Amino acid sequence: MRKGKWTWKFGVFLLVMGMIAAACGGDDDGGELTPVNLQLQWFAQAQFAGYYAAVDQGFYEDEGLDVTILEGAVEIVPQQVVASGQAEFGLAWVPKALVSNEEGAGLVNIGQVFQRSGTLMVSWADSGITKPEDWADKTVGNWGFGNEFELTAAIEKFGVQNVNLVAQNFDMEALLNREVDAAEAMIYNEYAQVLEATNEATGSLYQPSDLNVIDFNDVGTAMLQDSIWVSEEWLASNEDVAEKFLKASFRGWMYCRDNPDECVEIVLEAGPTLGTSHQTWQMNEINGLIWPSPNGIGVMDQALWDQTIEVATSQGVISADPGSGAFRTDLAEKALADIDGDTTGSSWTRVEVTLNPGGE
Amino acid sequence: MVQPAADNAGRPFQLPRRYRTIVSFSLIVIALAVLWESYKWMGQTTGGVWPGTSLGLPVRTNNRAMPHLWDIVAALFRPARRGGDEILLVTLLEAAMFTFRSAFAGFLVGSTFGFGLAIWFIRSPLAERGLMPYVVASQTVPLIAIAPMVVIWGGQAGLPTWLAVAVISSYLCFFPVAINSLRGLRSPPATATELMRSYAATPHEVLTKLQIPAALPFLFPALKIAATASVIGAIIGELPAGLSVGLGRALLSFASSFSSAPEKLFGAVLLSSLLGVLFVGLVALAERRLIPENRRIAEIPEFAT
């Protein structure tokens, strides 16, 4: 009976393969706390350390929250995830969230965690580019997708002529290969990647002295970045949950300010492929974007909000000023009033981080 | 398989076939390695142009674009992170196991669906004429465009993420299986079908006793294609899934630090392709067990010896 034979053999084959496949993982579920989701912009890294620390240290649990951190990925837009109700909280850059709001996302900023912009324009020291005017007649890389407006606003502000703007991948290859004279970089990520790369001429790593850096905070076209957004509709009946979430998240960030090495460990735990020294660098620079927070962490800096709106409207990012309803400070202020400890970080200082090859 | 004696008559000594496979495979690997390293050496020597010309080489030869092969291998056996005790290879193998789960589930679902579709089409020419254009069109939609949608819908339906990834993987699998099975189901000569009819066989009996057995040799080459496609589909599916494990995540993570640690990315690429090779090997193994040698279609000869 030839047919019977191949049928059972095939069945055994499927069974064995199925068992191999089934042995490869599992899932678990949460407890009886209020479950909420937080959508990140990208996968686990020190940029989000405060939230991971708040989970790890039980700060969310203290507030009766069971927070699930949803890692970002390719083509995942946190604003859309929040608008569709799959996450209660989402992180986003202010201009990007305002664009989503013009498309009807209905989001409101309840915590402006990063008080400064982390965007730099990096060039080689021998190029002599030290100020925006020096971009004239030069090839300047930028990431596009809404990441370029600090740059284009600076070009306009200083009336720089003949800038050859070219698309740049989300890495520093173009600068390393000298295909561009200046490249966009986040101070906590791509800038460090240059310093983790080996200079084939000398055989050692590139040094900060090899590079010139223009910081958009100094240029005056910086825009506000990572902040916590919720749907207006959800917030109307969940202000208490939002306030608790802010309180625990702020405590997480304060923990990471005071215990950066522990926070790096927590982040590395969540990402087995991340490099230790790169994350240590990132933790330090992220702390620099948050601290000091003169009005307390998470409270909007009105002047920088106004600057963000001005740049966003002048660059055509958004069509009109969204008005004061786009952000709220009252929830953050209430959360802060409930926290013991230093919520401004006025005495915080950078530490010296040694980067290893490849960020290991 | 044992060679008939007559085959070797009058020829000089030859290694048994299974060793020949290993030797030729190793030679090709060595040849590719030599090609990689000599191209790199040439570029480094001439400063990135073809010798004697000013024509630029198509690919840069510095250590970022083309790390030395020994650096890639060494990176696999170094700890995945400084001070850690787990080497990169183990981290990547764990990622590969996770991806394999989605790929295998996708392979099963996709192949079953493809085979079922073929049976439906052979029973109903109307369905074939009506649906075939859509089956073909489904494969021209870029996977990267539908993957985020599937992940979001899966999330709304409460599916675990790896299962949503499996759905994306199955999308790539069903097509080759459907097309090849259809051809296989049609392969029995008309005389065979007529003979069955003369014995008063029902259409169902013709299908199970003639057409499906006849289709099996055609099915396995398609399953091999589906096996590689399922791995590709699973990796692409992982990119928008926000998973903390899997090869897709490892590739994304290493791609973002490509400038400073390219060996790790190449290592992850190597492991991804090995997963595909291994999967095809398993299918080939099943084929050897299930299909008699004289009825096999030799797509990848002696693959899983």
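Which helix of chain A is A:Thr152 found in? That's a handy way into this predicted model. A:Thr152 sits in α6 of chain A, the helix spanning residues 149-157. A residue is called buried once 20 or more other C-beta atoms lie within 10 Å of its own, and exposed at 12 or fewer. A:Thr152 has 18 C-beta neighbours inside 10 Å, so it counts as partly exposed. If you look for A:Asn284, you'll find it 132 residues away from A:Thr152 along the chain, with 28 Å between the two C-alpha atoms.

Now step back and take in chain A as a whole. Along the principal axes, the C-alpha atoms of chain A fill a box of roughly 80 × 55 × 40 Å. Of the 360 residues in chain A, 49% are buried. As for who touches whom, take the contacts in chain A between residues at least 6 apart in sequence: 81% of them join residues at least 24 apart.

Chain A splits into two pieces. Domain 1 is made of 34-116 plus 223-359, and domain 2 covers 119-219. Their C-alpha centres are 26 Å apart. Where they meet, domain 1 of chain A puts in 21 residues and domain 2 of chain A puts in 14 residues. On the domain 1 side, the elements giving two or more residues are α5 (94-102), α13 (276-290) and α14 (302-314) of chain A. The largest share comes from α13(A), with five residues. Sorted by class, that side of domain 1 has ten nonpolar, eight polar and three charged residues.

Next, find the open sheet of five strands in chain A. Reading across, the order is β2-β1-β3-β10-β4, and the pairing is mixed. At the edges are β2 (65-70) and β4 (107-111) of chain A, each pairing on one side only. From one strand to the next, the twist averages 30°. Zoom in on β4(A) and its partner β10 (residues 227-231) of chain A: the two run antiparallel and are joined by four bridges. If you want one residue pair to click on, A:Val108 has A:Val230 in β10(A) as its bridge partner.

An α-helix has 3.6 residues a turn, so residues three or four places apart point the same way.

Finally, bring in chain B. The contact between the chains takes 41 residues from chain B and 46 residues from chain A. On the chain B side, α4 (88-123), α6 (143-156), α10 (247-256) and α11 (262-290) of chain B each supply at least two residues. The biggest giver there is α4(B), with seven residues. By class, the chain B side that touches chain A has 21 nonpolar, 13 polar and seven charged residues.

Terms used:
Residues are numbered from 1 along each chain as its sequence is written. Chains are lettered from A and ligands numbered from 1 in the order in which they are written. This is a predicted model: local features need pLDDT of at least 70, side-chain atom pairs count only at pLDDT 80 or more; totals for chains, interfaces and linings use all residues. Two residues are in contact if their C-beta atoms, placed from the backbone, lie within 7 Å. Ala, Val, Leu, Ile, Met, Phe, Trp, Tyr, Cys and Pro count as nonpolar, Asp, Glu, Lys and Arg as charged, and the others, Gly among them, as polar. Domain bounds come from an automatic or database domain assignment. Two strands pair if DSSP finds at least two bridges between them. Axes are lines fitted to C-alpha atoms, for helices over the stretch in contact, and angles run from 0 to 180 degrees between N-to-C directions.
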